[in-house]
Amino acid sequence: MLTIQFGQCGNQLGHSLFKSLSADLDSTDTGISRQKNSEYTEQSFEKWFTSINKDGKRLSRAILVDTEHKVINKICKDTPDRWAYRSKNLICQSGGGSANNWAYGSLIKGPQLKNDILEISRKEIERTDCFNGILLLLSSAGGTGSGVGSCLAESLRDEFPNKTVISSIVLPFSSGEVGVQNYNTLLTLAKFNESVDLSFLFLNDQIHTICTSALNNVNTKLVDMNDVISRKLCATFQPVNNAWCNANFLASTIACHPSYKIATIKSTPYVSPSVKQYESPYNWGVYLQHLKQTLRITPLADIEARSPSKSAGVRSSYSYYKSVSNVLVSRGNTDGNDPIASDDLRCKDLYVDWSSSSERFTYLSQQRRLLDHEKFLALVTNNSQIYQTLDGIVDKAWNTYTHSAFLHQYKKFGLEEDDFLEAFAKMENVIKDYKNL
């Protein structure tokens, strides 16, 4: 898996991801035999790292891209002893960033950086015996992640038409991070929906709520939020018992219809460190029902941010968002007296009528524990719930657009009103498709 990190958010998230991956490789509390653990760590290393450098550190298979040096310099300095970035894979450019402007990042900075990124990508792919796909990490709020990321997503698709490209896009806080974040997000989602095979969306508001509610972290920082996202990605991409499960399989399974290429990752449990040593894990059935509840159509607060409850049975009277496909991944021992009854997520009422029973649900398992979790579940879901998030972003962007606010900042870098209208039309079609589920 070649990981390309764009901008401040993408690079900070990538740093957190590789920190988690390396910690997972070094974990001693695995719950499996030494031989099976050796097989797991070998598969994980081959997926995420290229080799061991002269200092004994794992070299990550990653490219770091930014339009200023500050963030990349800091995360390289803060990289732990067990792994490192390849110094030749750092692509920085002086000039003060991308001004929180999608047009500046995509139409000016992106073309300037494109050749260097593509050249390093070719070299990294040539180093692999079996290439697993490309994972893009970015935020949609600013200019580098959204703009340069959009430019390169399109270029990577042209350069590697037969390779799987998956993006992880962090959406901004609804309360606002930058004034033009809804423009940037609109343009990013419209471009990525055309260029990549599958996009995972992570909502800052939701991730923050998991940190404050489930983890009881009242002083939540960006590093804490990145840790939650990293665990979701690890749970999805780390090796499972099915050796054939790779990026291509995940993309084709989750985005099995070309009109539906957006997914989210629900996961459980998240337990506060202050109480973890006193709490025994629930059985798999409790965690599974907890994840199924996240698919409910409910006006209540985000269910994923709550603690699982033994008494939270799932009544048949509940209504659920219709899914195109779901992939459940369990990590931890499922043998003996506590198996996973995954058939509960095969119920046809959860899915659109046109999906086949063989494609709508996939269950993957790994007996090895993930990091410090005795049990961990991830549900990768492509369902109609996402239209609410997209609708809110498009509505806010349209309200700003109708007042011609900030348009001059984009026009001066070559983005015209017709480009905005085209992006609105594309995302309206995506929203319509998901609403119709």
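This is a predicted model: local features need pLDDT of at least 70, side-chain atom pairs count only at pLDDT 80 or more; totals for chains, interfaces and linings use all residues.
Let's start with helix α1, which runs over residues 7-26. From its first C-alpha to its last, α1 reaches 28 Å, close to the 28 Å expected for its 20 residues at 1.5 Å a residue. Much of α1 is hidden away: 15 of its 20 residues are buried.

## Three strands side by side

Next comes an open sheet of 3 strands, in the order β2-β3-β5 and with mixed pairing. Because β2 (49-52) and β5 (83-84) are at the edges with a single partner strand each, one side of each has no neighbour in the sheet.

Strand β3 (residues 58-60) pairs with β2 in the antiparallel sense, over 3 bridges. If you want a spot to look at, find Ile-52, which stands opposite Arg-58 in β3. Helix α2 (residues 34-48) packs on this sheet and touches both β2 and β3. The direction of α2 makes about 105° with that of β2.

Now for some loops. Between β10 (262-268) and α10 (273-276) you'll find Pro-269. A cis peptide bond joins Thr-268 to Pro-269, with omega about 5°.

Two residues have a positive phi although neither is a glycine: Asn-100, at about 50°, and Leu-371, at about 55°. Asn-100 sits in the loop between β6 (90-92) and α4 (102-126), while Leu-371 is in the loop between β12 (361-366) and β13 (376-383). Are they buried or exposed? Asn-100 is partly exposed, with a relative accessible area of 37%. Leu-371 has 10% relative accessibility, so it counts as buried.

Note on methods:
Residues are numbered from 1 along each chain as its sequence is written. Side-chain values use heavy atoms; hydrogens and water are left out. Helices (H or I, at least four residues) and strands (E, at least two) are DSSP runs, numbered from the N terminus. The expected span of a helix is 1.5 Å times one less than its number of residues. Buried means under 20% relative accessible area, exposed over 50%, partly exposed in between (1.4 Å probe, protein chains only). Two strands pair if DSSP finds at least two bridges between them. Contact means heavy atoms within 4.5 Å. Axes are lines fitted to C-alpha atoms, for helices over the stretch in contact, and angles run from 0 to 180 degrees between N-to-C directions.
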